[in-house]
Amino acid sequence: MANPLLAFVVRVFSDRQDEPSAAAGKQTEAVSLPDLDGPQSSAGIFLVLRRMRAPLIVLIVVFAVSVLGLTLVPGEDPQGRPHHMSMFDAFYFMSYTATTIGFGELPHAFTAAQRMWVTFSIFLSVIGWAYAVGSLLALMQDRAFRRTLARRRFVRQVRHLREPFLVLVGYGNATKRLARSLDAMGRRLVIVESDESRVARVDLDSYRADIPALLGDARDTGNLAMAGIGSGYCEGVVTLTPDDDTNLDVTMTTALLRPDLPVIARANSRDAAQRMATFGEPQVVNPFDRFGDHLRILHRSPSEYQLMMWLTSTPGTPLPRRHAPLPRGRWVVFGYGRFGQELASDLRAEGLQVAVIEERQTIEQDMRAIEAAVVGSVELAPAVAFVAATESDTTNLWLIEAARRSNPEIFTVALQNRAANAPLFEAVGLDFGMQPAEVLAHEVLARLANPLLISFLRQVPRQGEEWAADLLARLGDRCGAGTPDIWQVRLDAEEAPALSSWLADGDLRLGDLLSSPDGRETLLDAVPIALVRDGDTVVGPTDDQVLRGGDELLLAGHSAARRSLDITLSHEPTAAYVIEGRFVPSGWLWRRLSRHDDDRHVPLNG
């Protein structure tokens with residue numbers, strides 16, 4: 001920095017903090033990224049000095065002229081002798097006069113000439129101050145200055161984060177749903193968004209924790225650096241913008257600068273997904289492809305679809321209604337864009353007959369042509385289902401009504417492009433609707449909430465309607481109507497130290513482990529939904545399942561059940577009671593005194 005004074009000011013008021021230490025529980029080591037803290041700190045000071053330079057010069061000139069004039073204008077002492085004020089006396093007098101303090105005429109009563117000059121100086125200083133204050137107010141309203149302060153505040157907030165956080169790129173409907181769910185789960189977030197109105201909405205939305213939000217283009221590496229992808233506390237990047245180029249750029253930047261950081265990216269086409277896959281190992285989600293998969297699952301088993309939607313919902317969300325099985329027969333898809341192509345492909349793969357009406361006229365060009373294509377279509381009369389798949393919500397709603405006029409019994413499916421139109425689609429009475437934002441939020445939340453959950457969800461479509469209905473009933477009995485907490489446990493020395501002896505002997509059953517510490521005759525309000533052993537997933541393990549060291553359990557249940565299970569896993573006397581019904585003293589001395597030969601399952605540490 002060229003200016004030594006400015007360098008000193010920046011150093012004194014800078015918010016630079018030390019990098020997170022290894023003892024602070026960070027996830028990974030910080031990497032070297034462009035350090036933008038210095039430029040962000042000095043940018044505001046430079047801007048103030050640049051914009052206030054002229055007003056400050058005017059004030060100084062006004063003050064200097066006033067002081068000089070007062071020393072030149074003759075006065076009189078009490079004896080009537082000529083007297084000229086010294087430079088110091090003039091400076092002192094103008095200091096309190098120009099700032100409207102007004103102590104009186106010093107050191108002697110003024111002559112008429114002095115009072116005239118002082119009057120002139122007062123009005124001159126008022127003009128100078130008005131100019132300076134006006135310039136300062138204009139600076140405070142300047143967009144560049146406010147953006148500079150906001151970026152400086154953002155950098156400070158990110159640097160002060162001392163717990164793992166996720167970087168979310170974009171704040172559209174999908175990201176907003178995801179942020180609410182993650183915030184409810186206690187996760188910390190940082191947002192980068194290029195739309196100013198969306199950034200303002202981050203502060204207006206009610207979140208439990210403060211979420212730093214940066215106004216900027218995520219394709220700028222500096223913005224991602226400010227968002228903290230180089231921080232040791234950053235645990236992942238999620239980019240769900242509708243622009244494939246932005247998502248690809250964020251994926252590439254993260255893979256090159258932080259190859260250890262997981263990335264979840266949205267791709268609206270298979271080509272974009274392939275390009276993203278060339279950088280690291282990102283988890284790419286195509287909402288249109290996923291919706292086709294959902295429709296296929298619903299076609300096979302409504303209970304499986306209901307289970308998947310419930311487990312990937314925001315904590316506390318009620319059990320969604322169970323849809324009726326999809327009709328079998330001819331399906332008609334209007335619109336052959338991204339959504340229409342993916343959906344038609346998935347329906348054909350499911351063995352259904354699909355007819356496509358391609359959208360050749362826009363609604364502005366010829367609405368009647370579209371109506372004629374739909375209502376007069378020879379494909380629509382014998383069809384059992386109609387899909388409105390254009391990229392205009394107005395057109396889709398109108399197409400649904402037109403299709404019903406032609407075939408009142410037809411099953412209707414529509415693409416909802418904007419979340420704000422949800423009441424309209426609900427009012428029209430769709431049999432099945434698709435919101436890309438909702439599909440994205442469910443999919444990404446499942447990936448972020450628990451690594452085992454997404455593996456479990458991949459197994460669900462193979463289990464069948466009866467199995468899914470039974471699991472839903474068990475979850476409802478144990479956990480109530482709201483979405484249960486989902487967590488995983490690894491049965492090893494770190495996460496389950498109290499079970500080491502039972503696991504080594506190979507005689508620990510899953511049903512015994514899930515007994516309540518308050519009374520082993522009662523089971524915890526938790527349901528084991530998956531067990532992973534040596535990379536193989538056992539879906540819905542039974543109570544008779546024998547557990548081994550290194551097994552990973554995926555459970556769903558109440559938070560109270562989770563806390564009780566944590567006690568069993570870590571407290572040896574509690575584990576002895578829950579598993580075998582034996583009461584073992586908690587204190588070291590009493591355990592020593594009461595130890596007997598069959599006390600083999602309770603190692604006495606120390």
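**Note on the cavity, pocket and selected residues**

1. The largest cavity is lined by Gly75, Glu76, His83, Met85, Leu106, Pro107, His108, Ala109, Phe110 and Gln114. Keep in mind that this is a predicted model. By class, five of the lining residues are nonpolar, four are polar and one is charged. The volume of this cavity is about 30 Å³. A search of the whole structure for cavities of 30 Å³ or more finds one. On the approach behind such searches: a probe the size of a water molecule, rolled over the atoms, shows where empty space is left.

2. Next, the chain as a whole. The protein chain has 606 residues, and 47% of them count as buried. Its secondary structure comes to 25 helices and 21 strands. Take the contacts between residues at least 6 apart in sequence: 67% of these join residues at least 24 apart. The accessible surface comes to about 29700 Å². Carbon and sulfur atoms account for 53% of that surface.

3. Now the largest pocket. Its volume is about 1000 Å³. It is lined by 34 residues, and those closest to its centre are Arg177, Gly433, Gln435, Glu438 and His442. The lining divides into 15 nonpolar, 12 polar and seven charged residues.

4. Which elements each supply at least two residues of the pocket lining? They are the helices α7 (173–184), α12 (287–300), α13 (302–311), α17 (422–428) and α18 (436–449), together with the strand β13 (432–434). The largest share, six residues, comes from α7.

5. Leu430 is worth a look. This residue sits in the loop between α17 and β13. Both of those elements supply at least two residues of the pocket lining. Is Leu430 buried or exposed? Its relative accessibility is 17%, so Leu430 counts as buried; the cut-off for buried is under 20%. Leaving aside neighbours within four places in sequence, Leu430 is in contact with Ile400, Arg404, Thr412, Val413, Ala414 and Phe425. One of these, Ala414, is 16 residues from Leu430 in sequence. In space, the two are 7.3 Å apart, C-alpha to C-alpha.

6. Gly232 is another loop residue to check. It is found between α9 (221–226) and β6 (234–239). With a relative accessibility of 0%, Gly232 counts as buried. Gly232 and Arg162 are 70 residues apart in sequence. Their C-alpha atoms are 9.4 Å apart in space.

7. Asp534 deserves a comment on its backbone. What is the phi of Asp534 near? It is near 55 degrees, a positive value in a residue other than glycine. As background, most residues other than glycine have a negative phi. Asp534 lies in the loop between β18 (526–533) and β19 (536–539). Its relative accessible area is 74%, so Asp534 is exposed; the cut-off for exposed is over 50%.

8. Then go to the loop between α17 and β13, where Leu430 lies.

Technical notes
Residues numbered from 1 in each chain as written. Predicted model: local features only at pLDDT ≥ 70, side-chain atom pairs only at ≥ 80, totals over all residues. Heavy atoms only, no water. 1 Å grid on protein atoms, 1.4 Å probe; cavity = no way out; pocket = protein on both sides within 12 Å on 5 of 7 lines; lining within 4 Å. Points joined across faces, edges and corners; volume = space filled by probe spheres on them. Nonpolar A, V, L, I, M, F, W, Y, C, P; charged D, E, K, R; others polar. Helix = DSSP H or I, 4+ residues; strand = E, 2+ residues; numbered from the N terminus. Buried < 20%, exposed > 50% of the residue type's maximum accessible area, 1.4 Å probe, protein only. Contact = heavy atoms within 4.5 Å. Areas by Shrake-Rupley, 256 points an atom, 1.4 Å probe, with all protein chains shown as cover.
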